[in-house]
Amino acid sequence: MALFYNDTREFSPEALEELFLSVQWESGNHPERLAKALRRYGAVFSAWDGSRLAGLVAAMDDGTMTAYVHYLLVHP
């Protein structure tokens, strides 16, 4: 498996739904809202296995002092 990494904030709702539900996160039932929300995060990095979203980390920050990882998911 050859993963590639990206810093895009644009995801299809279908890709997000598959990833979030693969780890049984309830927010996977709201993929359109997830796609919209991720466009506003301070930092988003994703791992891709071909065209499949294999992992995601997203951090929120205040732009000055504080940041925290809100999402950290890896497809099983």
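Author: Before we start, two strands count as paired if DSSP finds at least two bridges between them. This is a predicted model, and in it the bridge partner of aspartate 61 is alanine 67, in E4.

Reader: OK, and which other residue in E4 is a bridge partner, say for methionine 60?

Author: That one is tyrosine 68, also in E4. Both bridges belong to the pairing of E3 with E4, which is antiparallel and runs over seven bridges.

Reader: How many residues sit between the strands in the hairpin of E3 and E4?

Author: Five residues lie between them, and glycine 63 in that hairpin takes a positive phi near 80°.

Reader: What about E2 and E3, how many residues are between those?

Author: Two residues separate E2 from E3 in their hairpin, and glycine 50 in the turn has a positive phi of about 70°. Strand E2 covers residues 43–49 and strand E3 covers residues 52–61, and they pair in the antiparallel sense over seven bridges.

Reader: Which residue of E3 does tryptophan 48 bridge to?

Author: Tryptophan 48 has leucine 53 as its bridge partner in E3. For alanine 43, the partner in E3 is alanine 59.

Reader: Let's zoom out. What's the order of the strands in the sheet?

Author: The order is E1-E2-E3-E4, in an open sheet of four strands with antiparallel pairing. Strands of a sheet pair through backbone hydrogen bonds.

Reader: Which strands stand at the edges?

Author: Strand E1 (3–6) and strand E4 (67–74) do. Each has a single partner strand, so one side of each is left without a neighbour in the sheet. On average, neighbouring strands here are turned by 15° against each other, direction ignored.

Reader: Now the helices. At what angle do H1 and H2 pack?

Author: Helix H1 (residues 13–22) and helix H2 (residues 31–38) pack at about 105°, with their axes 8 Å apart. Angles of 65 to 115 degrees count as roughly perpendicular, and H1 and H2 are therefore roughly perpendicular to each other.

Reader: Which residues make that contact?

Author: From H1 it's Pro13, Leu16, Glu17 and Phe20, while H2 brings in Pro31, Glu32, Leu34, Ala35 and Leu38. Sorted by kind, the residues of this contact are seven nonpolar, no polar and two charged.

Reader: And where does H1 lie relative to the strands?

Author: H1 lies across E3 and E4, running at about 90° to E3.

Reader: There's a loop between H1 and H2. What's up with glutamine 24 there?

Author: Glutamine 24 is found in that loop and has a positive phi of about 60° although it is not a glycine. Over 50% relative accessible area counts as exposed, and glutamine 24 is exposed at 72%.

Reader: New topic: in the largest nonpolar core, which residues touch the most other members?

Author: Those are Phe11, Leu16, Leu38, Leu56 and Tyr71, out of 16 residues in that core. H1, H2, E2, E3 and E4 are the elements that give two or more residues to it. The largest share, four residues, comes from H1. In soluble globular proteins, nonpolar side chains tend to be buried together.

Reader: What does leucine 56 touch, then?

Author: Leaving out residues up to four places away in sequence, leucine 56 touches Phe11, Leu19, Phe20, Leu38, Val44, Phe45, Ser46, Tyr71, Leu72 and Leu73.

Reader: Is glycine 55 buried or exposed?

Author: Under 20% relative accessible area counts as buried, and glycine 55 is buried at 7%. Glycine 55 has its place in strand E3. Its contacts, not counting residues up to four places away in sequence, are Leu19, Phe45, Ser46, Ala47, Leu73 and Val74.

Reader: How far is glycine 55 from valine 69 in space?

Author: They are 14 Å apart, C-alpha to C-alpha, and 14 residues apart in sequence.

Reader: Last one: where is tyrosine 5?

Author: Tyrosine 5 is in strand E1 and is exposed, with a relative accessible area of 63%. Setting aside its neighbours within four places in sequence, tyrosine 5 is in contact with Ser46 and Ala47.

Reader: And what separates tyrosine 5 from glycine 55?

Author: Along the chain they are 50 residues apart, and their C-alpha atoms are separated by 9.2 Å. Glycine 55 also touches Ser46 and Ala47.

Conventions
Residues are numbered from 1 along each chain as its sequence is written. Side-chain values use heavy atoms; hydrogens and water are left out. Axes are lines fitted to C-alpha atoms, for helices over the stretch in contact, and angles run from 0 to 180 degrees between N-to-C directions. Angles under 35 degrees count as roughly parallel, over 145 as roughly antiparallel, 65 to 115 as roughly perpendicular and the rest as oblique. Contact means heavy atoms within 4.5 Å. Ala, Val, Leu, Ile, Met, Phe, Trp, Tyr, Cys and Pro count as nonpolar, Asp, Glu, Lys and Arg as charged, and the others, Gly among them, as polar. A nonpolar core is a set of buried Ala, Val, Leu, Ile, Met, Phe, Trp, Tyr and Cys residues joined through side-chain atoms within 4.5 Å. Buried means under 20% relative accessible area, exposed over 50%, partly exposed in between (1.4 Å probe, protein chains only).
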